[in-house]
Amino acid sequence: MQFQRQQFSLKDVKPKPIDLAGDLIDKTPGFPVRYEPAMDGVSLRSWLAGHQDEVAEDLKVHGAILFRGFDVPDRNAFQDVMGAFNEEFLSYKDRSSPRTEVKENLYTSTEHPADQVINMHNELSYSHTWPLRIAFYCSKEPAEKGETPVADVRKVLQRLPAELVSVFKEKGILYRRLLQKGVGLSWQEVFQTEDRAVVEEHCKAYGQEFTWSGNDRLEIRWRRPAVRTHPVTGEDIWFNHGYFFNFLALAPEIRAAFSSSDELPFNTYYGDGSSIEAEYLELIHAAYQEECVYFPWKRKDILLMDNMLVAHGRNSFKGAREINVIMMKPIR
């Protein structure tokens with residue numbers, strides 16, 4: 001018996017529409033929102049290139065996205081993935097903490113001792129230029145703890161008493177730094193130059209008062225708002241280093257090592273130069289802690305955040321830990 005087989009041609013096949021977001025990426029709501037590949041072989045860079053609006057919307061609403069389970073084998077691949085956004089990368093100048101530039105505009109996270117906790121902050125909120133977006137990549141996950149807690153600063157602001165917010169809105173924040181070798185960072189490290197004239201031009205351009213003194217020390221002072229308006233969402237946000245840089249935020253044993261607060265590498269005041277009340281600083285710290293969310297790092301994780309909507313910190317840790325950082329989309 002012979003069977004008649006219908007003639008078949010590829011031109012007769014109609015393409016089936018595919019929802020790439022649904023078929024290739026599994027999304028888990030929360031803070032941060034978690035994106036994971038729904039199948040093997042998903043190129044995160046290629047997916048991001050075609051889903052910019054979706055990512056931007058999730059950042060606007062939630063503030064942070066955790067990409068987990070993608071094949072991003074090393075920090076070079078991480079930098080390549082972030083290139084999908086086609087945004088300007090920000091170099092780390094006006095530094096407040098020690099970091100290593102692994103390659104151009106790709107850095108290690110803050111290199112403080114493993115037993116120390118890094119307080120909550122928005123990257124470079126004290127500066128004249130800061131990144132709208134910041135991304136972290138887990139090259140080596142710690143053996144124990146070492147999380148990067150995140151907190152929505154819209155909610156932090158809502159937790160603060162109205163009278164506290166009012167006085168900070170009225171006065172702003174005065175930042176003071178004493179830059180010297182051997183204690184904190186030197187001015188050469190902060191400004192990435194050996195030329196005093198370059199430093200002075202920078203200070204003049206951005207309204208920073210500066211004073212040189214003996215032993216190659218530089219004191220700088222400048223004022224910034226405590227509350228800003230987000231350029232995309234239009235919301236008020238708590239965006240400053242007022243608590244982070246204040247001497248009361250330091251561990252007691254570190255404060256005890258200095259003869260006076262004037263010798264500290266940094267400190268903060270109200271914009272008029274008066275001291276910030278200790279009880280207000282405690283309330284700010286408590287608001288951050290109440291909004292903190294922790295998740296364990298896994299190797300190859302990428303945490304992408306809107307730096308103006310979400311503050312971050314670092315828990316103490318044990319074992320090897322390497323988190324790399326890229327800052328993007330500078331606000332000047």
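Me: Helices (H or I, at least four residues) and strands (E, at least two) are DSSP runs, numbered from the N terminus; how many helices and strands are there in the chain?
Reply: The chain has 10 helices and 19 strands. Please note that this is a predicted model, in which local features need pLDDT of at least 70 and side-chain atom pairs count only at pLDDT 80 or more, while totals for chains, interfaces and linings use all residues. Residues are numbered from 1 along each chain as its sequence is written, and side-chain values use heavy atoms, with hydrogens and water left out.

Me: How do S11 and S12 pair?
Reply: S11 (residues 209–213) and S12 (residues 217–224) are antiparallel, with 5 bridges; two strands pair if DSSP finds at least two bridges between them. Ser213 is opposite Arg217 in S12.

Me: And what lies between S11 and S12?
Reply: The two strands form a hairpin, and 3 residues separate them. In the turn, Asn215 has a positive phi of about 60°.

Me: New topic: what share of the chain is buried?
Reply: Of its 332 residues, 50% are buried. Buried means under 20% relative accessible area, exposed over 50%, and partly exposed in between (1.4 Å probe, protein chains only).

Me: Which residues have the most contacts inside the largest nonpolar core?
Reply: They are Phe168, Phe191, Trp238 and Leu303, in a core of 68 residues. Such a core is a set of buried Ala, Val, Leu, Ile, Met, Phe, Trp, Tyr and Cys residues joined through side-chain atoms within 4.5 Å. Apart from this core lies another, of 27 residues, including Val72 and Ile326.

Me: What is Leu303 in contact with?
Reply: Leaving aside neighbours within four places in sequence, the partners of Leu303 include Pro32, Ile134, Phe136 and Trp297. Contact means heavy atoms within 4.5 Å.

Me: How many disulfides are there?
Reply: The search of the whole structure finds 0, a disulfide being a pair of cysteine sulfur atoms within 2.5 Å. For Cys292, the nearest cysteine sulfur is that of Cys138, 19 Å away.

Me: Why does Cys292 count as buried?
Reply: Cys292 is buried because its relative accessible area is 14%. Cys203 is also buried, at 0%.

Me: Which residues lie nearest the centre of the largest pocket?
Reply: His112, Gln116, Leu250, Ile254 and Phe266 do, out of 34 lining residues. Strand S6 (118–121), strand S10 (173–179) and helix H9 (252–255) each give two or more residues to that lining. On a 1 Å grid over the protein atoms alone, a pocket is an open set of points where a 1.4 Å probe fits, with protein on both sides within 12 Å along at least five of seven lines; lining residues have an atom within 4 Å of a point.
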